[in-house]
Amino acid sequence: MIDLHSHTLESDGSWSPEQVVEQAVALRLEALAITDHDTFSGYDLALARASAAELDLVCGIEISSKLERRGKATIRNVHLLGYFLDQPPSPGFRVWLGKIQASRRDRNRRLAAKLQSLGLKVKLEEAEAFGRTLTGRPHFAKVLIQKGYASSVTDAFERHLDEAAQGYVPRHEPTFAEAAATITASGGLAVLAHPYKLTRNASEPLDMVIGELVDQGIRGIEAYHSEHTSAEMEQFAAAASAFGLAITGGSDFHGDAKPGVKLGSGKRGNVHIPREVLDRLRNSKTR
Ligand code: AMP
Ligand code: ZN
Ligand code: FE
Ligand code: FE
């Protein structure tokens, strides 16, 4: 079994990169991809431990983007996975990633100021103590809870952080097409992450949504994911075949930040991804 989607402390997971590798080894996974949000640092830190344990560690990343659609509203926070990017990353990719990280920090600074202007005593440094280099709204939510301004993460988003809330401050995200093109130009395979987020409850048929994303540059779909029903897994795998796309899958493990999702097996064992998925993926990359 393999797992091609996991997060560490370097983004919003709660386990260190070494702990995630140890767990993959304990579970006898045949391969693991660390796919932290907007950073390679989890992968970098995991490499030594993985090679000592002879674990096949795949370089991955998960990029947040905004999907611009002809004649339709833009959808924010659409996730793209990138696999097998050149290592070390090409200078172009590093600069591009650096811009994303800088714009996140700039948004965080403005978000802290906005919350303060609303009378909420929340400092940037307090959120950064939780989120470090990848501080985001979930970390501001933790501070808001700690200070009694919210009762839960959901409550913190509803009251203060959501797009509809007073405290909302937008951040620059690359477009989906730009993210896909940049991953491809840097030697990577651009894959639509957890497609259910775009297709469940969508007004258009699945094939239309996927077709649109193919036009925007994806070369694979994450058919297997902890949040997918078995029917969705079948539909996504079928759509991938129909469009000639690669198929990937993973648990989207976040440690204690997403209780109930286990590395390698997902939610109550709902993902079990055979090694051949990775073999095929590597072949489709070299094609
Ligand atoms: P950011 O990238 O800092 O703007 O934060 C986006 C992240 O916040 C998403 O990836 C989600 O994990 C989380 N998030 C967004 N909306 C909510 C919500 N309503 N409740 C809980 N978490 C949310
Ligand atoms: Zn995450
Ligand atoms: Fe995601
Ligand atoms: Fe993820």
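## Shell around ligand 1

Three helices, α3 (91-117), α5 (137-146) and α6 (153-161), each contribute at least two residues to the shell around ligand 1; helices (H or I, at least four residues) and strands (E, at least two) are DSSP runs, numbered from the N terminus. This is a predicted model, in which local features need pLDDT of at least 70 and side-chain atom pairs count only at pLDDT 80 or more, whereas totals for chains, interfaces and linings use all residues. Residues are numbered from 1 along each chain as its sequence is written, chains are lettered from A and ligands numbered from 1 in the order in which they are written, and side-chain values use heavy atoms, with hydrogens and water left out.

The residues surrounding ligand 1 are N77, R104, R107, G136, R137, P138, V153, F157, D162 and R171, a residue being near a molecule if one of its heavy atoms lies within 4 Å of it. By class, the shell comprises five charged, three nonpolar and two polar residues. Here Ala, Val, Leu, Ile, Met, Phe, Trp, Tyr, Cys and Pro count as nonpolar, Asp, Glu, Lys and Arg as charged, and the others, Gly among them, as polar.

## Polar contacts and cover

For R104, an N or O atom of the side chain is 3.2 Å from an oxygen atom of ligand 1. A polar contact with the ligand is a pair of N or O atoms within 3.5 Å. Of the 510 Å² of accessible area that ligand 1 has on its own, the protein covers 69% (Shrake-Rupley method, 1.4 Å probe).

Donors are N, O and S atoms within 2.8 Å of the metal (3.2 Å for Na, K and Ca); water is not among the atoms, so sites may look incomplete.

The zinc ion (ligand 2) lies 5.3 Å from the iron ion (ligand 3).

The loop between β4 and α3 contains F84 and P88. F84 has a positive phi, near 60°, although it is not glycine. The peptide bond from Q87 to P88 is cis, with omega near -10°. Most residues other than glycine have a negative phi, and most peptide bonds are trans.

Technical notes
A polar contact is a pair of N or O atoms within 3.5 Å; within protein, one must be able to donate a hydrogen and the other to accept it, and residues adjacent in sequence count only if both atoms are side-chain atoms.
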